[in-house]
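Hello,

Here is the structure I said I would hand over. My notes on it follow below.

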Amino acid sequence: MLRLRSSSKKPDSFFLISVFFLFIVTAGLLVLLGAGQYRDTVNTMGTDQEIRTASSYLDQKVHQHNSEDISVTDFCGQDALSVSETFDGKKYTTYIYYYDGSLRELFTDRPTDCSPSAGQVITELGDFSIHEKPDGLLEISLSGSDHIMHTLYLYPQPLTRKEEP
């Protein structure tokens, strides 16, 4: 009997190994690209969260109070949003300010005590500034850890009095 030997096993094996190697290299590159994209997405989401948190917090504070209770004042040598409230006949002030890389809030009944490190951290920020325009409009500039400036304009509501019958 005559046996035929196939010499095509070597090229077939080489082709399969080449395809497998190409698959491994492509899969590795996709994983590296995906990891980089994921890292960028997480960083962007973190920065966006900082800005959204600060903006929402400031918006709520301003809209919870009347314009007579809100002002921009000097707190320890820097501009701060000052919100005054009266509880049981005693006046309290909430200062919202930037200190040591974060937006902070200090609720006190003694505004002369100046200790910016005593405030509660609201969120980390890259920068923060607040200015009151002549018409009462508040211009608030803030940036996240990416240092891209965002500007928020808030207008405190004037005091509305209910008419008694």
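Asp-100 sits in the loop between β3 (90–99) and β4 (102–108). Please keep in mind that this is a predicted model. The backbone at Asp-100 has a positive phi of about 55°, although the residue is not a glycine. Most residues other than glycine have a negative phi. With a relative accessible area of 62%, Asp-100 is exposed, because the cut-off for that class is over 50%.

Cys-76 is another residue with a positive phi, here about 60°, and it is not a glycine either. Cys-76 is found in the loop between β1 (70–75) and β2 (78–87). Its relative accessibility is 28%, so Cys-76 counts as partly exposed; that class lies between the limits of 20% and 50%.

The other item is a sheet. Three strands make up an open sheet in the order β6-β7-β8, with antiparallel pairing. The edges are taken by β6 (127–132) and β8 (149–154). Each of these has a single partner strand, so one side of each is left without a neighbour in the sheet. From one strand to the next, the twist averages 15°.

Which strand do six bridges join to β8? That is β7 (residues 138–143), and the two run antiparallel. Within this pairing, Ile-140 has Leu-152 in β8 as its bridge partner.

Regards

Definitions and conventions
Residues numbered from 1 in each chain as written. Predicted model: local features only at pLDDT ≥ 70, side-chain atom pairs only at ≥ 80, totals over all residues. Heavy atoms only, no water. Pairing = 2+ DSSP bridges. Helix = DSSP H or I, 4+ residues; strand = E, 2+ residues; numbered from the N terminus. Axes fitted to C-alpha atoms, helices over the stretch in contact; angles between N-to-C directions. Buried < 20%, exposed > 50% of the residue type's maximum accessible area, 1.4 Å probe, protein only.
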